[in-house]
Every structure is written in C-alpha cells, then in structure tokens.
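Colleague: I would like to learn how to read a few features of a model. Please take them one at a time, with the general idea ahead of the case.

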Amino acid sequence: MAKHDEGCQWKVEAMAGSDDPDTPYEYSSEQPPSIAIVNALADLEEVDPTELDYTLYDYAYPEALDTLTQSGNVEITFTVEQYKVHITESGSIHITRHSS
C-alpha cells in the first residue's frame with residue numbers, strides 16, 4: 001500500500017541509465033513525495049533544488065501527487081524534463097533519465 005503515514009520511508013531511486021546501478025535516496029515520512037522528487041532531481045543535476053531550470057508544477061500538480069499517494073494502491077508515472085518519474089504502489093519513487 002502506498003500510504004505516506006507515520007513510520008513510512010519514501011525511497012527514491014535515481015538511475016542515470018539502464019546499465020548504471022540504482023542510487024537510493026531516503027526521505028523521512030514528514031517529507032511529502034513531491035518534495036522528495038524535487039530533491040532527487042536536484043541531486044541528479046547536482047544543483048540546489050531552487051536552482052533547477054523548471055518546477056515540478058510545470059509537469060504535475062504536486063498537491064495531487066501527495067494526496068494520491070496517501071489514498072492507497074496507486075502507481076503514477078510522468079515525465080519531468082529528460083526524466084521519467086515512477087511512483088510505485090509500495091511508495092518507492094524511481095527516476096530514470098531518458099536515453100538520448
């Protein structure tokens with residue numbers, strides 16, 4: 001179940017490409033998945049989250065993402081810039097860079 005509740009840990013796995021190993025990011029339950037996604041994208045681009053050239057809101061409604069993930073068994077996939085973001089029903093967030 002993809003509930004974001006007390007004791008839950010959002011695990012974000014960022015993958016640079018299909019041949020590269022996963023790089024896990026752990027976020028506390030107090031941090032909503034929308035914030036975890038922005039932080040992971042900033043980590044991938046090696047910038048501060050405020051220095052990204054885009055916002056998550058340009059691609060998805062952050063409050064809706066947070067609400068949907070709290071509602072139960074859902075899987076969500078969307079694109080942000082050159083990244084595919086996938087939220088699994090278990091609460092893991094996988095970010096994959098699109099191949100050029």
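Colleague: Is Y54 buried or exposed, and what relative accessibility does Y54 have?

Modeller: Buried means under 20% relative accessible area, exposed over 50%, and partly exposed in between, with a 1.4 Å probe and protein chains only. Y54 has 7% relative accessibility, so Y54 counts as buried. Y59, at 35%, counts as partly exposed. This is a predicted model, in which local features need pLDDT of at least 70 and side-chain atom pairs count only at pLDDT 80 or more, while totals for chains, interfaces and linings use all residues. Residues are numbered from 1 along each chain as its sequence is written, and side-chain values use heavy atoms, with hydrogens and water left out.

Colleague: How many aromatic pairs does a search of the whole structure find?

Modeller: A pair of aromatic rings is described by the distance of the centres and the angle of the planes. Rings of Phe, Tyr and Trp (its six-membered ring) pair if their centres lie within 6.5 Å; planes under 30 degrees apart count as stacked, over 60 as edge-to-face and the rest as tilted. The search finds two pairs. In one of them, the ring centres of Y54 and Y59 are 6.2 Å apart and the planes stand at 85°, so this pair is edge-to-face.

Colleague: Which residues of helix α2 are buried?

Modeller: Helices (H or I, at least four residues) and strands (E, at least two) are DSSP runs, numbered from the N terminus. Helix α2 covers residues 62-70, and P62, L65, D66 and T69 are buried there. These residues cover an arc of only 95° around the axis, which puts them on the same side of α2. The arc is that of the directions from the helix axis to the C-beta atoms. Just after α2, G72 has a positive phi of about 135°.

Colleague: Which strands are joined to β4 by bridges?

Modeller: Two strands pair if DSSP finds at least two bridges between them. Strand β3 (residues 76-80) runs antiparallel to β4, with five bridges, and F78 stands opposite V85 in β4. Two residues lie between β3 and β4 in their hairpin, where E81 in the turn has a positive phi of about 55°. Five bridges also join β4 to the antiparallel strand β5 (residues 92-97), with K84 opposite T96 in β5. That hairpin has four residues between the strands, and G91 takes a positive phi near 100°.

Colleague: How many residues of β4 are buried?

Modeller: Strand β4 (residues 83-87) is mostly covered, with four of its five residues buried.
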